[in-house]
Amino acid sequence: MIWVYSVTLVLLLGSLLLGLIRIWRGPRLADRLLGAQLLGTTGVAVLLILAEWQLQPAARDTALVLAMLAMMLAVALVAGRHKSRSS
């Protein structure tokens with residue numbers, strides 16, 4: 001079972017790398033927003049896998065907080081973008 005966790009973590013870390021590239025290269029704000037969402041979602045998945053692999057249930061709570069922060073980031077970016085367009 002450990003090899004399943006290991007392979008999954010490697011794939012998720014690759015996804016994190018692709019998300020960082022998308023945030024860095026852009027070119028539009030929407031691309032950067034989706035990259036940030038990908039980082040939040042993938043971070044939650046990594047924390048959940050690590051929580052199961054290392055038998056640390058507190059990491060599940062951290063994953064939940066990270067998921068809520070990622071959602072709030074998306075809402076804040078969209079609201080800020082909406083304000084700048086209406087002004």
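Guide: A residue is called buried under 20% relative accessible area, exposed over 50%, and partly exposed in between (1.4 Å probe, protein chains only). Met71 has a relative accessibility of 45%, so Met71 counts as partly exposed. The model is predicted, so local features need pLDDT of at least 70 and side-chain atom pairs pLDDT 80 or more, while totals for chains, interfaces and linings use all residues. Numbering starts from 1 along each chain as its sequence is written, and side-chain values use heavy atoms, without hydrogens or water.

Met71 sits in helix α3, residues 58-86 (helices are DSSP runs of H or I, at least four residues, and strands are runs of E, at least two, numbered from the N terminus). Met71 belongs to a nonpolar surface patch with Leu64, Val65, Met68, Leu69, Met72 and Val75. Together these residues have about 680 Å² of accessible area (Shrake-Rupley, 1.4 Å probe, with only the protein chains shown as cover). Patch members have over 30% relative accessible area and no salt bridge, and nonpolar side chains are joined within 5 Å, like charges within 9 Å; a salt bridge is a Lys or Arg side-chain nitrogen within 4 Å of an Asp or Glu carboxyl oxygen.

An unreviewed UniProt entry annotates residues 6-24, 33-51 and 63-80 as "transmembrane region"; such annotations may be inferred rather than shown by experiment. In the model, residues 63-80 are 100% helix and 0% strand, with end C-alpha atoms 26 Å apart. Residues 6-24 are likewise 100% helix and 0% strand, and their end C-alpha atoms lie 27 Å apart.

Inside, the largest nonpolar core has five residues: Tyr5, Leu9, Leu12, Val46 and Ile49 (buried nonpolar residues joined through side-chain atoms within 4.5 Å). Helices α1 (2-25) and α2 (29-53) each give two or more residues to this core, and α1 provides the largest share, three residues. Leu9 is in contact (heavy atoms within 4.5 Å) with Val46, Ile49, Leu50 and Trp53, leaving aside neighbours within four places in sequence.

Val7 is also in helix α1, but at 44% relative accessibility Val7 counts as partly exposed. From Val7 to Trp24 there are 17 residues in sequence and 26 Å in space, C-alpha to C-alpha.

Beyond neighbours within four places in sequence, Asp31 is in contact with Arg22 and Gly26.
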